[in-house]
Amino acid sequence: MRTSADDMIEIGGQVGLDTDLLRTCYESGTHTETVRYDLARGTQLGVRGTPTFFVGDQPVFNANPDILRELLQAELDALQE
C-alpha cells in the first residue's frame with residue numbers, strides 16, 4: 001500500500017532532492033514536533049494554504065509580486081512615520 005510519505009518522497013525526487021536522505025529524515029521523526037507546532041500555529045493564524053505571507057499582522061494569500069510589493073512598501077512607509 002502506498003502512503004502519503006511515499007508520495008512526498010517521490011515528489012521530492014522529482015524536484016531533485018536526495019530521496020534516501022529524505023526518507024531517513026522522515027522515518028526518524030526528528031522534526032515531527034516542529035512540523036506539528038508550525039502546522040498548529042499556521043492554523044491559529046488563519047493560514048489556509050501556501051504561499052501565505054504576513055505583512056505586519058496581515059495575512060496575504062496568493063498575492064502576486066506586485067501586490068506583495070505594494071503591501072510591503074506601505075508597511076515600510078508606516079514604520080518610517
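This is a predicted model: local features need pLDDT of at least 70, side-chain atom pairs count only at pLDDT 80 or more; totals for chains, interfaces and linings use all residues.
Leu17 sits in the loop that runs between α1 (4-14) and α2 (19-28).

Together with Ile11 and Val15, Leu17 makes up a nonpolar patch. The accessible area of these three residues taken together is about 300 Å².

## Arg23 and its partners

Let's move on to helix α2, where Arg23 is placed. Arg23 has a relative accessible area of 30%, so Arg23 counts as partly exposed. If you set aside residues up to four places away in sequence, Arg23 touches Asp6 and Ile9. For a sense of distance, take Gly13: Arg23 and Gly13 are 10 residues apart in sequence, and their C-alpha atoms are 11 Å apart in space.

With which residue does Arg23 form a salt bridge whose closest N and O atoms are 3.3 Å apart? The partner is Asp6. Because Arg23 belongs to helix α2 and Asp6 to helix α1, this pair ties together parts that lie 17 residues apart in sequence. Asp6 is partly exposed, since its relative accessibility is 22%.

Arg23 has a salt bridge with Glu27 as well, at 3.7 Å from N to O. Arg23 and Glu27 are 4 residues apart in helix α2, so about one helical turn separates them. Glu27 counts as exposed because its relative accessibility is 57%.

How many salt bridges does the model have by the rule used here? The count comes to 4. One of them joins the side chains of Glu33 and Arg36, with an N to O distance of 3.3 Å. These two residues are 3 apart in helix α3, so they too are separated by about one helical turn. Glu33 and Arg36 are both exposed. Elsewhere, shared partners link salt bridges into one network made of Asp6, Arg23 and Glu27.

## Helix α3 and what follows

Helix α3 covers residues 32-44, which makes 13 residues. From its first C-alpha to its last, α3 reaches 18 Å, close to the 18 Å expected at 1.5 Å a residue. Does α3 lie largely buried or largely in the open? The number of buried residues among its 13 is 1, so α3 lies largely in the open.

After α3 comes Gly46, which has a positive phi near 90 degrees. The loop between α3 and β1 also holds Arg48. With a relative accessible area of 68%, Arg48 is exposed, because the cut-off for that class is over 50%. Arg48 and Asp66 are 18 residues apart in sequence, and 21 Å apart from C-alpha to C-alpha.

## Thr52 in strand β1

Thr52 is found in strand β1, which spans residues 52-55. Is Thr52 buried or exposed? Thr52 is buried, because its relative accessible area is 19% and buried means under 20%.

What does the side chain of Thr52 reach at 2.4 Å? The answer is the backbone oxygen of Gly49. Once its neighbours within four places in sequence are left aside, Thr52 is in contact with Val47, Pro59, Val60 and Phe61.

## Helix α4 and its start

Helix α4 takes in residues 65-80, for 16 residues. Its reach from first C-alpha to last is 22 Å, close to the 22 Å expected at 1.5 Å a residue. At the start of α4, look for Asn64: one of its side-chain oxygens comes to within 2.9 Å of the backbone nitrogen of Asp66.

Notes: Residues are numbered from 1 along each chain as its sequence is written. Side-chain values use heavy atoms; hydrogens and water are left out. Buried means under 20% relative accessible area, exposed over 50%, partly exposed in between (1.4 Å probe, protein chains only). A polar contact is a pair of N or O atoms within 3.5 Å; within protein, one must be able to donate a hydrogen and the other to accept it, and residues adjacent in sequence count only if both atoms are side-chain atoms. Contact means heavy atoms within 4.5 Å. The expected span of a helix is 1.5 Å times one less than its number of residues. Patches are made of residues with over 30% relative accessible area and no salt bridge: like charges are joined within 9 Å, nonpolar side chains (Val, Leu, Ile, Met, Phe, Trp, Tyr) within 5 Å. Accessible areas come from the Shrake-Rupley method with a 1.4 Å probe; for residues, only the protein chains shown count as cover.
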